[in-house]
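Visitor: Please take a close look at one helix in this structure. I would like to see how it sits in the rest of the protein.

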Amino acid sequence: MMVIGLTGGIGSGKTTVANEFGKLGIPVYFADEEAKRLMNSDEDVKKAIIMLFGKEAYKGKTLNKTLVAQKVFNDKTLLQKLNAIVHPAVRKHFNTWVEKQRSPYVIQEAAIIFENGSNALYNAIILVTAPKDVRISRVQQRDGFSKEQVEARMRNQWEDEKKSKYAHYILENIDLTKTKKQINAIHAHLLKISGGV
């Protein structure tokens with residue numbers, strides 16, 4: 001079974017694209033959602049996060065997202081330490097999930113495949129792109145962030161130009177009708193090379 005990475009910068013529309021693959025019958029694993037879930041449910045992960053940030057990292061049994069986000073936002077070393085706790089736990093959970101799937105290929109949707117150096121773990125990578133102004137506008141509408149807040153988050157991610165050099169498929173996501181056509185073409189190609197046709 002082929003494992004395909006699906007990535008893209010904030011506001012590129014990764015989730016929309018992932019859901020379209022889901023409609024085609026392809027199992028999709030949402031890494032960022034699972035990471036949030038594991039930070040609240042996996043005792044080993046919780047203990048490690050408390051060691052890193054202190055007891056105030058949790059309110060009762062729930063991760064204090066605001067506090068953790070504030071601490072890692074301007075501290076790249078702290079962010080790397082947090083990722084070193086969460087990413088292996090997600091990887092382990094993902095591998096168990098893959099074993100249960102019965103499909104020619106599966107997709108893992110994750111925001112920072114290239115940034116964290118995990119691109120070598122995939123058979124192929126789909127990069128979702130959109131112009132910067134479109135992405136900013138989408139995130140502002142979705143999350144209520146200011147333009148400056150969105151741009152600050154963008155600075156923690158690689159530029160599309162840099163990611164494009166390593167991606168196997170580049171999918172421009174501006175108009176949904178055109179996006180769906182690109183998804184269908186990529187899907188057909190992946191079925192062909194994975195022996196699913």
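Guide: The mean positions of the 31 positive and 21 negative charges of the protein are 2 Å apart. The model is a predicted one. Its secondary structure comes to nine helices and seven strands. For 197 residues, a compact globule would have a radius of gyration near 16 Å; the protein has 17 Å, which agrees. Along the principal axes, the C-alpha atoms fill a box of roughly 50 × 40 × 25 Å. Buried residues account for 43% of the 197 residues. Of the contacts between residues at least 6 apart in sequence, 71% join residues at least 24 apart.

Now to helix H1, which spans residues 14–23. Its buried residues are Lys-14, Val-17, Ala-18, Glu-20 and Phe-21. These residues lie on the same side of H1, because they cover an arc of only 155 degrees around the axis.

Asp-160 belongs to helix H8, residues 160–164. Its relative accessible area is 16%, so Asp-160 is buried, the cut-off being under 20%. Beyond its neighbours within four places in sequence, Asp-160 is in contact with Gly-9, Leu-127, Thr-129, Ala-130 and Arg-135.

Technical notes
Residues numbered from 1 in each chain as written. Predicted model: local features only at pLDDT ≥ 70, side-chain atom pairs only at ≥ 80, totals over all residues. Heavy atoms only, no water. Buried < 20%, exposed > 50% of the residue type's maximum accessible area, 1.4 Å probe, protein only. Helix = DSSP H or I, 4+ residues; strand = E, 2+ residues; numbered from the N terminus. Arc of directions from axis to C-beta. Contact = heavy atoms within 4.5 Å. Rg over C-alpha atoms; globule rule 2.2 N^0.38 Å. Lys, Arg positive; Asp, Glu negative; His and termini not counted. Charge placed at Lys NZ, Arg CZ, Asp CG, Glu CD.
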